[in-house]
Amino acid sequence: MSESASLNFNGKEIKLPILTGSENEKSIDISKIRSETGLITLDKGFKNTGSTTSNITYLDGEKGILRHRGYSIEELAAKSTFTEVCYLLIYGELPTKIELDNFENTIRIHTLVHEDFKIILEGYPSKAHPMGILSSLITSLTAFYPESLDPNRSKELVDLSIARILGKFPTFAAWSFKKRNGHPIIYPDNSLDYCSNFLKMMFELPSESYVQNPVITDALNKLLILHADHEQNCSTSTVRIVGSAQSSIYPSISAGINALWGPLHGGANQAVIEMLDSIIRDGNNIDKYIKKAKDKNDPFRLMGFGHRVYKNFDPRAKIIKKAADNVLEKLGVSDPVLDLAKQLEKIALEDQYFVDKKLYPNVDFYSGIIYRALGFPPEMFTVMFAFGRLPGWIAQWKEMRENKEPLGRPRQIYTGEKKRSYTDIAKR
Ligand code: ACO
């Protein structure tokens with residue numbers, strides 16, 4: 001007999017099926033509760049609610065496990081390239097050499113963007129945050145490729161839209177940076193691999209050609225892989241919920257970019273470096289900031305600490321911490337922020353408040369330090385996170401469409417005024 005849990009309400013017992021995942025994780029299927037009892041379930045912030053079933057990413061927050069399509073993040077970060085991981089996430093298997101070549105060549109065809117995008121870019125004030133520019137440019141793709149608007153048209157069209165967004169995203173990201181600096185944009189160079197092409201568009205100047213450095217390209221590949229997917233996080237859930245209304249891929253991903261921007265999610269990487277810089281400016285007074293983080297009446301939080309699902313350690317943070325040491329050493333960069341981050345981590349990990357609440361460094365705690373060493377300014381950190389998360393959003397959007405998932409539409413408990421009569425404005 002299949003497993004079930006029972007719920008007793010108003011003298012009636014209803015059986016709720018237990019659903020077991022491939023790693024033996026269990027959930028109660030509550031979809032019949034309302035029709036059987038009239039009750040809805042309430043779980044603010046979806047802290048204990050599964051929104052879907054998925055074949056893409058497995059995560060065990062207690063044990064610090066993260067796997068994509070069955071492959072551990074440790075192995076992928078050590079052995080793979082970002083484009084290979086994109087293929088794995090989107091199409092379900094590691095590509096053969098021929099499949100990878102074809103995939104990379106298809107992306108290459110789409111790196112160039114329509115010249116009219118330059119006019120859109122020109123309209124932004126120079127200090128516009130690149131995340132805002134990026135999300136608008138991604139939505140603007142619908143204007144240039146209106147055939148993408150119908151997500152049900154054909155598998156070939158979906159694949160074409162995927163290749164286009166993978167090709168054009170790095171161009172948009174680099175151009176949003178150039179816009180901020182007031183520098184001329186650099187066109188894609190399709191003789192280069194995916195990451196090298198992006199680095200050239202970011203850092204080449206008309207007066208100075210960009211010299212590729214394998215340390216930087218490798219570090220970029222690793223950082224992008226570490227951010228590639230993270231199951232039903234805030235931005236991915238946003239992508240899936242927007243897509244569930246049969247919105248097409250570009251607006252769905254644009255919505256994900258906006259969700260990621262927030263400092264409690266992907267925006268934390270920029271917030272971490274700003275926090276560390278301000279601690280240094282304030283005389284390296286770590287204790288003061290630990291006290292502030294613990295003070296219930298102070299809104300300050302230790303940015304880069306804590307995670308909704310990791311309650312032991314974030315496996316990505318472990319890899320990034322090691323990579324930060326390695327990259328800074330190889331590039332000969334000395335950044336006092338790295339030492340401060342390590343001191344802060346040590347103190348916080350021994351502090352009862354952080355121990356009791358299971359608050360550990362997350363993926364964003366060290367990523368900004370590496371990005372800064374690679375030459376990226378803080379306002380580009382979240383853009384880099386979005387770049388890395390792109391294949392995850394695509395894979396999750398595609399899976400949701402292929403599984404024909406219903407419209408995402410949570411319910412609520414109303415806590416406002418009961419019915420009352422309208423009073424004329426003169427009598428209020
Ligand atoms: N510093 C100080 N206290 C914290 C922190 C922190 N960084 N994070 C959580 N807490 C405390 C909360 O005040 C709360 O205390 P309480 O139980 O006494 O009210 C408790 O720990 C639980 O925190 P919640 O916010 O309820 O836990 P949740 O799972 O919702 O939060 C989150 C996760 C949002 C990531 C939180 O830890 C946080 O704000 N961290 C800082 C921002 C950050 O680094 N975000 C990036 C996350 S990784 C990512 O999205 C890529």
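1. A nonpolar core, as the term is used here, is a set of buried Ala, Val, Leu, Ile, Met, Phe, Trp, Tyr and Cys residues joined through side-chain atoms within 4.5 Å. In this predicted model, the largest such core has 112 residues, and the members that touch the most others are Leu166, Ile253, Leu302 and Phe376. Helix H18 (residues 381-402) supplies the largest share of this core, namely twelve residues. As general background, nonpolar side chains in soluble globular proteins tend to be buried together.

2. Which residues is Phe376 in contact with, once its neighbours within four places in sequence are left aside? They are Phe198, Leu199, Met202, Phe203, Tyr371, Phe381 and Met384.

3. The structure holds 22 aromatic pairs. One of them is the stacked pair of Phe82 and Tyr194, with 6.1 Å from centre to centre and 25° between the planes. It counts as stacked because the planes are under 30 degrees apart. This pair links distant parts of the chain: Phe82 belongs to helix H3 (residues 82-91) and Tyr194 to helix H8 (residues 194-203), 112 residues apart. Are the two partners buried or exposed? Phe82 is buried, at 0% relative accessibility, and Tyr194 is buried too, with a relative accessible area of 11%.

4. Another ring worth a look is that of Phe313. The charged end of Lys318 sits over this ring, 4.2 Å from its centre.

5. Now to the strands. Strand E4 (residues 57-60) and strand E5 (residues 65-68) run antiparallel and are joined by four bridges, with Thr57 standing opposite His68. The two strands form a hairpin with four residues between them, and Gly64 in the turn has a positive phi of about 70°.

6. E5 also pairs on to strand E6 (residues 71-72), again antiparallel, through two bridges. Here Arg67 has Ser72 as its bridge partner. This second hairpin has two residues between its strands, and Arg69 in the turn shows a positive phi of about 50°. As for the faces of E5, Leu66 and His68 make up the covered one, while Ile65 and Arg67 make up the uncovered one.

7. Most residues other than glycine have a negative phi. Glu231, however, has a positive phi near 40°; this residue lies in the loop between helix H9 (214-226) and helix H10 (234-244). Lys358 also has a positive phi, of about 55°, although it is not a glycine, and is found in the loop between helix H16 (352-356) and helix H17 (364-374). How accessible are these residues? Glu231 counts as partly exposed at 23% relative accessibility, and Lys358 is partly exposed with a relative accessible area of 41%.

8. Finally, the overall layout. The domain assignment of the chain gives domain 1 (4-41) and domain 2 (59-408). Taken over C-alpha atoms, the centres of domain 1 and domain 2 are separated by 37 Å.

How values were computed:
Residues numbered from 1 in each chain as written. Predicted model: local features only at pLDDT ≥ 70, side-chain atom pairs only at ≥ 80, totals over all residues. Heavy atoms only, no water. Phe/Tyr/Trp six-rings, centres within 6.5 Å; stacked < 30°, edge-to-face > 60°. Buried < 20%, exposed > 50% of the residue type's maximum accessible area, 1.4 Å probe, protein only. Lys NZ or Arg CZ within 6 Å of the ring centre and 35° of its normal. Domains from an automatic or database assignment. Pairing = 2+ DSSP bridges. Contact = heavy atoms within 4.5 Å.
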